[in-house]
Amino acid sequence: MDVRALPPPKITSEVENTPQNNECKMVDLRGAKVASFTVEGCELICLPQAFDLFLKHLVGGLHTVYTKLKRLEITPVVCNVEQVRILRGLGAIQPGVNRCKLISRKDFETLYNDCTNASSALSPTVHDREAQREKFRDAGRKRTEKVRDLKWARGNRM
């Protein structure tokens, strides 16, 4: 049975601390290795690690991701203490982190598509902002050149 095809478990709180739930595997996600746990027959990936690998350049931060999840009506699953320890040991999450959430592949793909579509919709704005920055840089360069020319002209008159 393919655990990737199963719907995410209906867990509203922390994953139960059992040996089966705490068995971690590194799985391939979009060409990168990501930590995962199988909970109630469903493969769940480490959301902060997936964010670091695939989403941080698309959205403002992990808080934005949680806002998107809420809007998309996706509820991530909270890791238990042992899973957090395992993820820290693998380097999937930072050493000081003591909470982590898991998400199904299907839900991650929904989130990823939302982030990439939102990003492409914003790209003209990003382009416009860059053009505006360049315009200000050019204005600054011209102002600097004028000041230099003025100083040179004053220096030659004296």
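Read along the sequence, the chain follows the pattern β-β-β-α-α-β-α-β-α. That makes four helices and five strands, where helices (H or I, at least four residues) and strands (E, at least two) are DSSP runs numbered from the N terminus. This is a predicted model, in which local features need pLDDT of at least 70, side-chain atom pairs count only at pLDDT 80 or more, and totals for chains, interfaces and linings use all residues. Residues are numbered from 1 along each chain as its sequence is written, and side-chain values use heavy atoms, with hydrogens and water left out.

**The chain as a whole**

- Of the 158 residues of the chain, 35% count as buried. Buried means under 20% relative accessible area, exposed means over 50%, and partly exposed lies in between (1.4 Å probe, protein chains only).
- The accessible surface of the chain is about 10400 Å², and 53% of it belongs to carbon and sulfur atoms. Accessible areas come from the Shrake-Rupley method with a 1.4 Å probe; for residues, only the protein chains shown count as cover.
- Among contacts between residues at least 6 apart in sequence, 60% join residues at least 24 apart. Contact means heavy atoms within 4.5 Å.

**The sheet**

- Five strands form an open sheet in the order β1-β2-β3-β5-β4, with antiparallel pairing. The edges belong to β1 (24–29) and β4 (77–78), each with a single partner strand, so one side of each has no neighbour in the sheet.
- Two strands pair if DSSP finds at least two bridges between them.
- Strands of a sheet pair through backbone hydrogen bonds, either parallel or antiparallel.
- β4 and β5 pair in the antiparallel sense over two bridges. Here valine 78 stands opposite lysine 101 in β5.

**Strand β3 and its partners**

- Strand β3 (residues 42–46) is mostly covered: five of its five residues are buried.
- Strand β2 (residues 32–39) pairs with β3 in the antiparallel sense over four bridges. Phenylalanine 37 stands opposite leucine 44 in β3.
- The hairpin of β2 and β3 has two residues between the strands. In this hairpin, glutamate 40 takes a positive phi near 50°.
- Three bridges join β3 to strand β5 (residues 101–104), and the two run antiparallel. The bridge partner of cysteine 46 in β5 is leucine 102.

**Helices across the sheet**

- Helix α1 (residues 47–55) lies across β1, β2, β3 and β5, running at about 160° to β2. Axes are lines fitted to C-alpha atoms, for helices over the stretch in contact, and angles run from 0 to 180 degrees between N-to-C directions.
- Helix α3 (residues 81–90) lies across β1, β2, β3 and β5, running at about 165° to β2.
- Glutamine 49 lies in helix α1. Glutamine 49 is buried, with a relative accessible area of 11%.
- Leaving aside residues up to four places away in sequence, glutamine 49 touches Met26, Lys33, Val34, Ala35 and Ala92.

**Helix α2**

- In helix α2 (residues 62–71), Val65, Lys68 and Leu69 are buried. They sit on the same side of α2 because they cover an arc of only 100° around the axis. The arc is that of the directions from the helix axis to the C-beta atoms.
- The face of α2 turned away from its buried side carries the exposed residues His63, Lys70 and Arg71.
- After α2 comes glutamate 73, with a positive phi near 60°.
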